[in-house]
Amino acid sequence: MSSTTGQVIRCKAAVAWEAGRPLVIEEVEVAPPQKMEVRLKILFTSLCHTDLYFWEAKAQNSVFPRILGHEAAGIVESVGEGVTELAPGDHVLPVFTGECKQCAHCKSEESNMCTLLRINTERGVMLNDEQSRFSINGKPIYHFVGTSTFSEYTVVHVGCLAKINPLAPLDKVCILSCGISTGLGATLNVAKPTKGSSVAVFGLGAVGLAAAEGARLAGASRIIGVDLNSSRFEEAKKFGVSEFVNPKDYNKPVQEVIAEMTDGGVDRSVECTGNINAMISAFECVHDGWGVAVLVGVPHKDAVFKTHPMNVLNERTLKGTFFGNYKPRSDLPSVVEMYMNKELQLEKFITHEVPFAEINKAFDLMLKGEGLRCIIRMD
């Protein structure tokens with residue numbers, strides 16, 4: 001790979017030219033990395049619902065043309081000025097948020113919300129010079145959340161790359177760079193259920209099932225899955241979900257149903273839908289005195305959370321989380337080791353695989369609600 005150092009690389013990328021239209025495989029030019037940047041060869045990427053959300057561009061500003069993708073794994077091709085922690089050949093996970101290691105958030109043991117590299121969905125350029133590293137015939141193609149992994153090569157800020165065990169299979173651990181780590185960490189790092197406790201998980205998509213997996217790893221004795229789609233229950237059993245509640249089956253609020261099932265409420269709940277009613281239910285279904293509810297899903301910009309103050313005064317705790325409270329560079333390598341040590345089973349999340357040329361199939365599968373994670377092979 002050293003022969004390309006400092007050179008513009010021509011490669012294939014899936015370009016989103018406009019909202020909701022199929023991606024087009026194009027030849028793009030990828031400029032060399034600049035100060036504190038790394039250029040990497042993406043080997044495997046997968047589709048996360050966030051990609052779909054910004055591709056559809058229904059509820060927010062979205063920049064086009066751009067190269068989407070943020071859940072991936074690759075190998076460092078070259079590094080820019082000032083990069084000392086990574087070298088060509090290193091195996092890395094690019095992450096949509098970063099860790100500069102210098103700001104107040106990075107220095108805090110409690111936060112992973114880096115001031116410099118926190119997710120910015122509207123920025124389509126690199127921080128160093130506010131320019132794109134992608135172009136077609138001299139015209140810029142914009143970046144997405146600092147990663148743009150739907151390209152054979154991409155340029156990422158060094159603070160958004162986690163160096164991982166080179167023996168880890170990249171076609172499996174690539175899914176740890178977003179959704180799976182978010183759900184897993186929401187339970188293990190934020191909800192922190194104790195052994196033998198009860199946990200309710202709202203939303204049984206990939207993130208919710210990762211939250212359930214976290215509850216299983218923590219030794220929860222009851223994991224209650226809440227979803228409007230009853231067909232998801234069978235799949236959820238693989239992740240430790242032992243009971244299932246569909247709110248549509250009852251004529252009273254689901255939090256009341258769960259309270260009755262659990263003698264007053266669950267010990268912990270994790271909400272992974274972004275639906276404001278589910279968020280309220282997740283908070284109100286935890287037991288007074290010690291219950292903790294964790295919000296993971298991103299709500300509509302106009303959503304308002306309403307609950308009676310007594311629900312707080314009665315010693316229920318409401319928490320939020322961002323990327324499962326994992327610091328990307330410091331913490332993700334250890335999550336990869338959980339998989340390598342067979343504590344964490346990633347294969348359960350991977351339901352489909354397509355070659356890069358058929359990337360639009362992955363979008364079709366997600367739009368139909370089929371499967372959990374679709375791996376896209378870049379070769």
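This is a predicted model: local features need pLDDT of at least 70, side-chain atom pairs count only at pLDDT 80 or more; totals for chains, interfaces and linings use all residues.
**Nonpolar cores**
I began with the largest nonpolar core, which has 106 residues. L93, F150, V173 and L176 touch the most other members. I then looked up which helix gives the most to this core: helix α5, residues 206-218, with 6 residues. There is also a second, separate core of 15 residues. V254, V257, A278 and V286 are among them. For background, I noted that nonpolar side chains tend to be buried together in soluble globular proteins.

**Cysteines**
I looked for disulfides and found 0 in the structure. I checked C100 next. Its nearest cysteine sulfur is that of C114, 3.6 Å away. C100 has 16% relative accessibility, so it counts as buried. Then I took C106. The nearest cysteine sulfur to C106 belongs to C103, at 3.7 Å, and C106 is in no disulfide. C106 is buried too, because its relative accessible area is 12% and the cut-off is under 20%.

**Second largest pocket**
I met C100 again here. C100 lies nearest the centre of the second largest pocket together with M36, L116, H157 and V158. The pocket holds about 260 Å³ of space. Its lining has 16 residues. I sorted them by type: 6 are nonpolar, 6 polar and 4 charged.

**N311**
My last entry is N311, in helix α9, residues 310-313. Is N311 buried or exposed? At 17% relative accessibility, N311 counts as buried. Leaving out residues up to four places away in sequence, I listed its contacts as F283, E284 and R316.

Terms used. Residues are numbered from 1 along each chain as its sequence is written. Side-chain values use heavy atoms; hydrogens and water are left out. Helices (H or I, at least four residues) and strands (E, at least two) are DSSP runs, numbered from the N terminus. Buried means under 20% relative accessible area, exposed over 50%, partly exposed in between (1.4 Å probe, protein chains only). Contact means heavy atoms within 4.5 Å. On a 1 Å grid over the protein atoms alone, a cavity is a set of points where a 1.4 Å probe fits but cannot get out, and a pocket is an open set with protein on both sides within 12 Å along at least five of seven lines; lining residues have an atom within 4 Å of a point. Grid points are joined across faces, edges and corners, and a volume is the space filled by probe spheres set on the points. Ala, Val, Leu, Ile, Met, Phe, Trp, Tyr, Cys and Pro count as nonpolar, Asp, Glu, Lys and Arg as charged, and the others, Gly among them, as polar. A nonpolar core is a set of buried Ala, Val, Leu, Ile, Met, Phe, Trp, Tyr and Cys residues joined through side-chain atoms within 4.5 Å. A disulfide is a pair of cysteine sulfur atoms within 2.5 Å.
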